[in-house]
Amino acid sequence: MTYIAKPKFHHPGLRKNELGYTHRDYEGKISTLCAGCGHDSITASIIEACYELSIEPHRVAKISGIGCSSKTPDYFLGNSHGFNSVHGRMPSVLTGANLANRDLIYLGVSGDGDSASIGFGQFAHSIRRGVNMTYIVENNGVYGLTKGQFSATADRGSKSKKGVTNTDNAIDLVAIALQLGATFVARSFSGDKTQLVPLIAAAIRHKGASFIDVISPCIAFNNHAGSTKSFDYVREHNDAVNRLDVLVGREPISVDYAPGTVQVVEQHDGTRLALRKLDADYDPHDRLGAQTFLQKHAAKGQIVTGLLYVDPEAEDLHTHLDTVETPLNALDEKALCPGSAVLDKINASLR
Amino acid sequence: MSVQSPISSVNDFVVRFANVNGSGSASANELFARSILRHGVPVSPRNIFPSNIQGLPTWYEVRVTEDGHLGARGGVDMMVAMNPQTWDKDVASIEPGGYLFYDSTKPMPSSKFRDDITVIGVPLTAITNSTYSDPRQRQLFKNIIYLGALCALLDMDPKLVEQLIGEQYKGKEKLLSSNVHALHLGRDWALQNLKCPLGLRVRKADKVGDRIFIEGNSAAALGAVYGGATVCAWYPITPSSSVAEAFTSHCKKYRHDAETGKAKYAIVQGEDELASIGIVIGASWNGARAFTATSGPGISLMTEFIGLSYFAEIPAVIMNIQRAGPSTGMPTRTQQCDVIACAYASHGDTKHVLLFPEDPAEAFEFAAHAFDLAERLQTTIFLMLDLDIGMNHRLCRPLKWDDARQYDRGKVMTAEMLEEGRDFGRYLDVDGDGIPFRTYPGTHPTKGSYFTRGTSRDRYARYSEEGAVYADNMQRLVRKFETAQDMVPRPLQANAAKPTKYGVIYFGSTSPAMDEAIGILEARGHQLDRLRIRAFPFHSSVASFIADHDFVYVVEQNRDAQLRQLIVNENGIDPVRLVPILHYDGTPITARFIANSIGDHQDHLKVTPLRKAVS
């Protein structure tokens, strides 16, 4: 329903962030997704997280593939450049964009078909390379735009709306991301904004490959009994291991929590992540432990959510390539062209 | 010896080395070619190699040509047969009166030879084994020993070879002296035991001038460095891998910040060609100059993205080092077989700019130019090399760069322009050339952002499925392609000495063979005007050249006359007027082939008066 223009006026008393922007400055066009779609809640969470972090809206590049989830970058950060690219190929486009200008924030939005089926390879390799990005998969286990086929994250044994049982094993993107060396890995639920917003904020501030798998029920094709990605099913089986508060700057950590239940993680840029432990045994610095924990709980039919792994000392692709601090797209002839004198020497060496 | 008299030729012959892949022969053979260059005599070497790393046959052919004919000639005057596996075929391929050079350590039955050639046996293994004990040394120095023997047999100046070895092993005295020693071992043995020199001889000349000797892939990569490419994403595929490898080594030398030592480039080996072109498109969208290098199968994989680049108008440079297809085809053999695949790559109505360099010097120029064109036209530019240009050393004019040259970054709207209140429509044609303005991401807090998509949208980048809006955009893309016609390198025409009704069109690596063929044809009484096409879309001079001649031959290295198809299709030419001359067996086209094919056709055109014919 993009033909409906969103009114530009807003309440004069609307709260402003540090940069003087209101929520409205982080919004985009009106969503064309189905009413009640989980993806719209994720869009709202992205807006909220960017507002809270006081990000300059135009310093974000939003990149997506193809599918319902990949349409959403049009619905948030209307003053940012967006790129709705090729099905399953968001990771490579984002990688290239990131190489060209290391100074922007890269938000990759994808779906389960886009990242676990057609784009599984690109998903894996962008994580492997440690591209500095926030990679969000809006995971509903189904192809929405083509009306309800299973995707590769659909659980074995789950039923489609038409009553077909899925016999293929599911890909758990979180488990794969951990194995491939993502330095920030989280899972959340589109229906749990209080958990999701700080996770997105923390991922954006993380310097490295951040991956968030957000279970996001498809109201049209995957919200029925027998589905393992429905609102009801996820609410019943959600096992949150922690709750997160993101602290930017030097404000003191809230002391509301019982002693011993808060773990503070300081990231490269000074952001502090205050983790309220819900599961006393869970350690988000233990990659191997996280993998085991996930598998054990998956076997019990539980969906583990929260910040599952973080490496505060993460490196990114630019570190590995040792590129200059100036964005590559800002280098001119003087910086890039070796000139005719060098060419004469090259010629001389080729005779 | 037979009645066939041995071939006698100075500075005009073909030597072919038959080796086993991975035996270290490549550097010795290249040393041979370079040594002849140092005599002031042009050479044109070619690698003929299998899709394999070790053990299979490989050949290196050196055409010695004082006249400067750099195309493949065909035929072998001297075979250096170092591979027992291909012996029979190698011996059979020698021209009557030619020479066979072989390792005579192990006696061979006389049935293994021919009586119409001169056989030169040098006990290479025996000499090597009596001098060296280390197996690796034996292998490597055997190559230098045969080079030494050839030096005596072909009357080459050993000092020039020594000089080259000296340059190659500068600072590595031990390697230097042992190589020179091996060279003299071979040379001395030949001088003492054989009748030197042979009928084939190298004589000092002054025909090389200031030309340089470089592989097309390396030159194209250097063009990318000079053209300001900062992002390279690639996936290994023969014969293009050496483009990215050369770009890497050039960047290591010329693209590190003097103070910090940090890299002013980013090179990523993608997981496949889809990722490679995706990275290129992402980087170009974000304002960096980016390219990938690939070959036919890679182009096939990239086509979805190429359509996006065309429709969403994102610059990209793709270097396609063509090899024989379809499918895996003959991955180590040359062809010009991706003309149609690249011109119309992707689904829907698409057209792309193609550049056809003839040699490494043009590969360098066109590569640098491709980045200007990509950013000016905001679309994919294909640099169409092939294995023959890309993976062989070719003598060409020195590379040139004008230090006053500035990169053409195309129509980019800046924050200042947006501040001034300029109307920004991402797909708005403001001045009739079909090219809209773009903005880089992150330019301005409130102005100039837009949503890039492969779906249709209006002039202000707003999603639209209105037929008229879609058609308006598609028409603008046609206008943009017409604009491209005057920006790409123009065809070069060379007319025959006398006015003629016949013309010939050719492109790319066919160039040296074509130039040589013209001489042969002239000697046979056939006059032809020539037009070398250097880019698609075709300049208007292509249509007028065809209009000016009764028949035009179109010479190309593929089965389906792809360039001819493109000319017929794009210019509405009557196909009868374009006679295809097609070479597609995977070997480089030769002057002999062109001259014979065109000559035969021309002979048929000659009308013999009836009265004469019956008398």
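A: B:Cys232 stands opposite B:Ile267 in S11(B). This is a predicted model, in which local features need pLDDT of at least 70 and side-chain atom pairs count only at pLDDT 80 or more, while totals for chains, interfaces and linings use all residues. Residues are numbered from 1 along each chain as its sequence is written, and chains are lettered from A and ligands numbered from 1 in the order in which they are written.

Q: What makes strand S10 (residues 231-234) of chain B and S11(B) a pair?
A: Strands are DSSP runs of E with at least two residues, helices runs of H or I with at least four, numbered from the N terminus. Two strands pair if DSSP finds at least two bridges between them. Four bridges join S10(B) to S11(B), so they pair; the two run parallel. B:Trp234 stands opposite B:Gln269 in S11(B).

Q: Why are S11 and strand S21 (535-536) of chain B said to stand at the edges?
A: Seven strands of chain B form an open sheet with mixed pairing, in the order S11-S10-S12-S13-S15-S14-S21. S11 and S21 each have a single partner strand, so one side of each lacks a neighbour in the sheet.
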